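Here's a quick look at how two chains pack together. Have the model open as you read.

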Amino acid sequence: MTLLTETLLIGWNRNADYAAKLVADLSDEQMMLQPNGANHPAWIFSHMMVYHPVLVAMLRGQAFEDPKVHKFGMQSKPEADAALYGSKQSIIDAFIKGHDDVAAALKEAGEVAVEKAMPLERWKPAFPKVGSILGYLMLVHEGTHLGQISMWRRVQGLPAV
Amino acid sequence: MINTLITYQARTLDYAKKLVADLSPQQWCAQPTTATGLVKNHAAWIIGHLVWVADKNTIERVLGQPSKIDDAWKSLFGGKSEPTSDASQYPDKDTLMGLYEDAVNRIAAALKACDESFLERATPDEAFRKRFPTVGFALMHVMAGHELLHLGQLSAWRRALGLGTV
């Protein structure tokens, strides 16, 4: 593994652990709460998971749809219908599996995969190579949303994790 | 990887600027009360904490460059500090955002002077090295992970104050 791969995997695995802790004490009902219209955890997790298959596809050189148009993509908003998201356990299971899939793809991918040109036109200006977006999607993007859940917990009167 | 880290942190700074752009001096240290209690981590503490970590951890402990921040700020912005509602304790928005941008620029300048092998060096600070064995690990954590967790908190804090999305 390269330094980039090893570094990303450390942060990625920490994100998975932190994510599980952030919702460990939540009920299915709490996963749907939106104080002051804040993003609820069910949407945040569903949104983060949009990018897992995208990361796997990029690392394996496979085609993928622009995640912008996904039903939980960046243009979506949290909905009150819990059936859209599933139970907390099913969400967490899917999130952990997505994390494992990305980790496996990253371990398999060599330098060639990381050096490949960004296949999604929209991302090219900011992230010209596959390798340049990995840390952004795996750490920056997930970190932002996990931070939202952290503060969402405080708003609910729940303790820090 | 160095250029990638610099790019990430520049985008993070832009995001932080947007998150605080419309905050009034009264909102800067606001701890909104919810049905279940008080939300303690306010914008002044979060940005001040990011300044503290960028200066003391990234610049001083990882990059080995001189710090510009007063050590006395540890009690205000260090890892175990507790945000308070006393706004007189906290520097204003322009001061803290200026220090944050300055720290980001110093980190970028220091990194641009290094080659990629620098990232493979052992993290110089012993305590930090236990968690992050190499400079690359440490920088990825502080520049791409830690900062965004707190800015995500700031994003949700805005909602608790009734402010819009950014």
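How many residues does the contact take from chain B and from chain A? The contact takes 30 residues from chain B and 27 residues from chain A, where residues are in contact if their C-beta atoms, placed from the backbone, lie within 7 Å. This is a predicted model, where local features need pLDDT of at least 70, side-chain atom pairs count only at pLDDT 80 or more, and totals for chains, interfaces and linings use all residues. Residues are numbered from 1 along each chain as its sequence is written, while chains are lettered from A and ligands numbered from 1 in the order in which they are written.

On the side of chain B that touches chain A, α1 and α7 of chain B each give two or more residues. Helices here are DSSP runs (H or I, at least four residues), numbered from the N terminus. Here's that side by class:

| Class on the side of chain B that touches chain A | Count |
|---|---|
| nonpolar | 13 residues |
| polar | 14 residues |

Nonpolar means Ala, Val, Leu, Ile, Met, Phe, Trp, Tyr, Cys and Pro, charged means Asp, Glu, Lys and Arg, and the others, Gly among them, are polar.

Now for the inside. The largest nonpolar core has 90 residues, and A54(B) is one of those touching the most other members. Such a core is a set of buried Ala, Val, Leu, Ile, Met, Phe, Trp, Tyr and Cys residues joined through C-beta atoms within 7 Å; buried means 20 or more other C-beta atoms within 10 Å of the residue's own, exposed 12 or fewer, and partly exposed in between. Leaving out residues up to four places away in sequence, A54(B) touches I59(B), Y100(B), A103(B), V104(B) and I107(B).

G64(B) sits in the loop between α3 and α4 (74–77) of chain B. G64(B) counts as exposed because it has 11 C-beta neighbours inside 10 Å.

Notes
Two residues are in contact if their C-beta atoms, placed from the backbone, lie within 7 Å.
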